[in-house]
Amino acid sequence: MSTQILERPELKDADTGPEMFHYVRKEKIAESAVMGTYVVALCGETFPVTKAAKPGSPVCPKCKEIYDSYHE
């Protein structure tokens, strides 16, 4: 019996780095989570809300910078 190694390409999505959470309008979060509508983050990224951030979760640096500039 012989052993062969089969090579196959990785089928996962490209590595986009750690998952970041974004700042969005509070009143749009529930609507997006229930209806699947897209929200627009402070940094301009658009996406449907699929999960909530937990304390200590990584935050988008652009969103944080914009948010902090409003609250100085």
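A disulfide is a pair of cysteine sulfur atoms within 2.5 Å. By that criterion, this structure holds zero disulfides. The structure is a predicted model, in which local features need pLDDT of at least 70 and side-chain atom pairs count only at pLDDT 80 or more, while totals for chains, interfaces and linings use all residues. Residues are numbered from 1 along each chain as its sequence is written, and side-chain values use heavy atoms, with hydrogens and water left out. A search of the whole structure finds two salt bridges and one aromatic pair.

**Cysteines**

- The closest cysteine sulfur to that of cysteine 60 belongs to cysteine 63, at 4.0 Å, which is too far for a bond.
- The sulfur of cysteine 63 has its closest cysteine sulfur in cysteine 43, at 3.7 Å, and this is also too far for a bond.
- Residues are called buried under 20% relative accessible area, exposed over 50% and partly exposed in between (1.4 Å probe, protein chains only).
- Cysteine 60 counts as buried because its relative accessibility is 8%.
- Cysteine 63 likewise counts as buried, at 0% relative accessibility.

- Helices are DSSP runs (H or I, at least four residues), and they are numbered from the N terminus.
- Helix α1 covers residues 26-35, and one of its 10 residues is buried, so the helix lies largely in the open.
- Glycine 36 follows α1 and has a positive phi, near 80 degrees.
- Glutamate 31 is found in helix α1 and is partly exposed, with a relative accessible area of 37%.
- Leaving aside residues up to four places away in sequence, glutamate 31 touches Gly36 and Thr37, where contact means heavy atoms within 4.5 Å.
- Glutamate 31 and proline 48 are 17 residues apart in sequence, and their C-alpha atoms are 9.6 Å apart in space.

**Salt bridges**

- A salt bridge requires a side-chain nitrogen of Lys or Arg within 4 Å of a carboxyl oxygen of Asp or Glu.
- Arginine 25 and glutamate 27 are joined by a salt bridge, with an N to O distance of 2.9 Å, and both residues are exposed.
- Lysine 64 and aspartate 68 form a salt bridge whose closest N and O atoms are 3.1 Å apart.
- An α-helix has 3.6 residues a turn, so residues three or four places apart point the same way.
- Lysine 64 is partly exposed at 39% relative accessible area, and aspartate 68 is partly exposed at 33%.

- Rings of Phe, Tyr and Trp (its six-membered ring) pair if their centres lie within 6.5 Å; planes under 30 degrees apart count as stacked, over 60 as edge-to-face and the rest as tilted.
- The search of the whole structure finds one aromatic pair.
- In this pair, the ring centres of tyrosine 23 and tyrosine 67 are 4.5 Å apart and the planes are at 0 degrees, so the pair is stacked.
- The pair links distant parts of the chain, 44 residues apart: tyrosine 23 is in the segment before α1, and tyrosine 67 is in helix α2.
- Tyrosine 23 counts as partly exposed at 27% relative accessibility.
- Tyrosine 67, in helix α2 (residues 61-70), is partly exposed with a relative accessible area of 32%.

Conventions: Helix = DSSP H or I, 4+ residues; strand = E, 2+ residues; numbered from the N terminus.
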